[in-house]
Amino acid sequence: MKTLRLAALALTATVVAAPVLAQVAPEAPPPAQRRMVDYLVNAPHVQNWFTWGLEPAPTPQTVQGVTGNQALTFRVTRAGDPWAVGAVMTNPAAIQAGDIILAAVWVRTDAAGPVTLPLLMVEGQTEPKAVIARSTDVAIGTEWTLVYASGTAPADFAPGQTSIILQMGRDAQTLQLGPGMLFDMGPDYDPARLPSNPAGR
């Protein structure tokens with residue numbers, strides 16, 4: 001977990017802290033002093049991904065260049081529905097309505113040509129399902145990079161009722177999936193300060 005927390009710390013340089021609130025509990029650091037890791041609410045380990053659509057199912061492999069040095073490899077050999085191959089990671093923490101949510105997932109490909117991640121989202125798992133954050137058609141390169149999706153929670157969600165979801169089945173391609181981090185920034189964080197996927201990626 002230490003290395004994954006270091007990855008969250010690395011995002012601190014990208015995300016500017018929110019303004020100081022008028023009232024702050026003594027035991028909690030003011031928002032201006034909080035690090036990105038302080039907003040992390042899930043256990044991002046690769047082992048916590050549940051996958052579907054490939055036989056045999058991907059298993060953690062030792063890799064270089066990504067936090068934790070482990071990843072899952074998805075070799076999609078035939079184009080199909082985007083949701084035919086994917087991965088999901090359950091969030092064990094509660095989320096409150098109005099909270100600003102950020103998903104950050106390590107992804108790369110070993111292909112030289114253009115590779116696209118069809119969908120990354122954070123979704124509520126109770127009916128009717130609600131999309132909390134969503135990014136589509138993100139271009140992926142050969143270097144490990146963080147792919148982001150952010151949004152505002154439309155309702156309260158109990159522990160275990162939200163998940164990070166990736167869909168990878170649309171194109172015949174290879175993707176490697178590393179840790180997936182979920183951050184709950186609270187209701188007062190400025191969404192404009194969150195990292196996002198660069199244009200053309």
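**Reading the cores and sheets**

Guide: In the largest nonpolar core, which has 32 residues, Trp 49 and Leu 166 touch the most other members. A nonpolar core is a set of buried Ala, Val, Leu, Ile, Met, Phe, Trp, Tyr and Cys residues joined through side-chain atoms within 4.5 Å, and buried means under 20% relative accessible area, while exposed means over 50% and partly exposed lies in between, judged with a 1.4 Å probe and protein chains only. This is a predicted model, in which local features need pLDDT of at least 70 and side-chain atom pairs count only at pLDDT 80 or more, whereas totals for chains, interfaces and linings use all residues. Residues are numbered from 1 along each chain as its sequence is written, and side-chain values use heavy atoms, with hydrogens and water left out.

Visitor: Which elements give two or more residues to this core?

Guide: The general idea is that in soluble globular proteins nonpolar side chains tend to be buried together. Here the elements giving two or more residues to the core are β3 (70–76), β4 (86–91), β5 (100–108), β6, β7, β8 (145–152), β9 and β10. A second, separate core has 18 residues, including Tyr 39, Val 63, Leu 102 and Phe 183.

Visitor: What is Trp 49 in contact with, leaving aside its neighbours within four places in sequence?

Guide: Contact means heavy atoms within 4.5 Å. With those neighbours left aside, the partners of Trp 49 include Leu 72, Ala 87, Val 88, Met 89, Ile 164, Leu 166 and Leu 177. For the protein, among contacts between residues at least 6 apart in sequence, 78% join residues at least 24 apart.

Visitor: How many helices and strands are there in the protein?

Guide: Helices (H or I, at least four residues) and strands (E, at least two) are DSSP runs, numbered from the N terminus. By that reading the protein has one helix and ten strands, and along the sequence they follow the pattern α-β-β-β-β-β-β-β-β-β-β. Buried residues make up 46% of its 201 residues.

Visitor: What is the order of the strands in the open sheet that contains β1?

Guide: Two strands pair if DSSP finds at least two bridges between them. This open sheet of five strands has the order β1-β4-β9-β6-β7, and its pairing is antiparallel. Its edge strands are β1 (50–52) and β7 (131–140), each of which pairs on one side only. Within this sheet, β6 (residues 115–124) pairs with β9 (residues 162–167) in the antiparallel sense over six bridges, and with β7, again antiparallel, over eight bridges. Val 122 shows both partners, for this residue stands opposite Ile 164 in β9 and opposite Ala 133 in β7. A hairpin of six residues joins β6 to β7, and the loop between these strands holds Pro 128, which is joined to Glu 127 by a cis peptide bond with omega about -5°.

Visitor: Is Gln 176 buried or exposed?

Guide: Gln 176 is found in strand β10 (residues 173–184), and with a relative accessible area of 12% Gln 176 is buried. To read its surroundings we look for polar contacts, meaning pairs of N or O atoms within 3.5 Å, where within protein one atom must be able to donate a hydrogen and the other to accept it, and residues adjacent in sequence count only if both atoms are side-chain atoms. The side chain of Gln 176 makes such a contact with the side chain of Thr 73 at 3.1 Å, and another, of 2.5 Å, joins the side chains of Gln 176 and Arg 108.
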